Amino acid sequence: MFDPQEFIRNSLKGIREQVGNSEVISACSGGVDSTVTTFLVHKAVGNKLIAVFIDDGLRREGEPEFVVRTLKNLGVRNRFVDAKKEFFEVFKGRTDAEEKRKAFREKFYRTLGRIAKEEQIRIIAQGTIKADVIETVKGIKTQHNVLEQIGINPETYGYQIIEPLKELFKPDVRKVARELGLPKEISERMPFPGPALSLRVLGIVTPERVAIVRKATEIVEEETKELGTFQNFAVLHNDKATGIKDGKRVYGNIITVRIVDSEDAVTAIAKQVPYNILMRITKRITTQIPSVVRCLYDITNKPPSTIEFE
Ligand code: XMP
């Protein structure tokens, strides 16, 4: 049986030993894994930690403010980095899903490396969990341990990585979050991919297209709060369809709504959402986002689909 109290005791001790008198930097996206990591390190070493929120322009509505507020409320020293322009720059001309993921990853680590250098910090804390390690080894996802591939060899540059959660699965991370007294909005948070809304804008990623999916996501999340499902989101397609707005023919955007139940994201079931909820979502999306003329609901399980479209 996993004992969160014991885990916290041991990891605080481990982190203090690893850090010594140095300073640590931690990239906090506001997700449960990175926030628990950040707070554990903060508990262990206090102001020797600086938590960084990188605003890549791809987060959900209100997310940058939420993360900064959460860090402040927790008393964690933090730095906000506005990197929106640079992130959109790397997506230019890219439509392939894997290329977009890779571009995001490189930009992310380069930005984090740059900040660490500016702050003269040589220890980076990461919220890697067991599932990430397993998926990386199997070649499913490779977003972790990528520093070396992009020229930030942790050893050569004297960087040290600490990953206090790397032996834990998500349900245990949530137990640790509760035990640490983190707010419910953190401990019970829906999974959200690292590359954020860039995975949910099919085709080219621009600020305008991200704004469309951001608004649709907000609507889906508001209307499905009570469902208790594993993941609820919206996806913007890279093709268009015909519709009618104000009595005129419009060739407009298509949004797909995806709502799934899952234990561990390895398999997932498309939720049988009550029809009135789907109709309300459609009505709001097509009226509140003028360019959208069509709203679809995805009824495909995983497998054969994946949860995300990219
Ligand atoms: P798929 O789409 O593979 O997603 O069924 C399984 C779970 O992983 C999340 N996901 C990602 N998370 N970086 C992440 O940090 C990624 O590149 C990525 N791709 C998918 C997805 O949201 C779901 O919870």
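Is Ser262 buried or exposed? Ser262 is buried, because its relative accessible area is 18% and buried means under 20%, exposed over 50% and partly exposed in between (1.4 Å probe, protein chains only). The model is predicted: local features need pLDDT of at least 70 and side-chain atom pairs count only at pLDDT 80 or more, while totals for chains, interfaces and linings use all residues. Residues are numbered from 1 along each chain as its sequence is written, and side-chain values use heavy atoms, with hydrogens and water left out.

**The chain as a whole**

- The protein chain has ten helices and nine strands; helices (H or I, at least four residues) and strands (E, at least two) are DSSP runs, numbered from the N terminus.
- Along the principal axes, the C-alpha atoms of the protein chain fill a box of roughly 70 × 45 × 40 Å.
- Buried residues make up 51% of the 310 in the protein chain.
- Among contacts in the protein chain with a separation of 6 or more, 76% come from residues 24 or more positions apart; contact means heavy atoms within 4.5 Å.

- Ser262 is found in the loop that runs between strand E7 (248-261) and strand E8 (269-270).
- Two polar contacts of its side chain are listed here, a polar contact being a pair of N or O atoms within 3.5 Å; within protein, one must be able to donate a hydrogen and the other to accept it, and residues adjacent in sequence count only if both atoms are side-chain atoms.
- The side chain of Ser262 reaches the backbone nitrogen of Ala265 at 2.8 Å and the backbone oxygen of Thr267 at 2.7 Å.
- Not counting residues up to four places away in sequence, Ser262 touches Phe230, Thr267 and Ala268.

- Leu180 belongs to the loop between helix H7 (170-179) and helix H8 (184-187).
- Leu180 counts as buried because its relative accessibility is 12%.
- With neighbours within four places in sequence left aside, Leu180 is in contact with Ile8, Val36, Phe39, Leu40 and Lys43.
- Leu180 and Lys248 are 68 residues apart along the chain, and their C-alpha atoms are separated by 55 Å.
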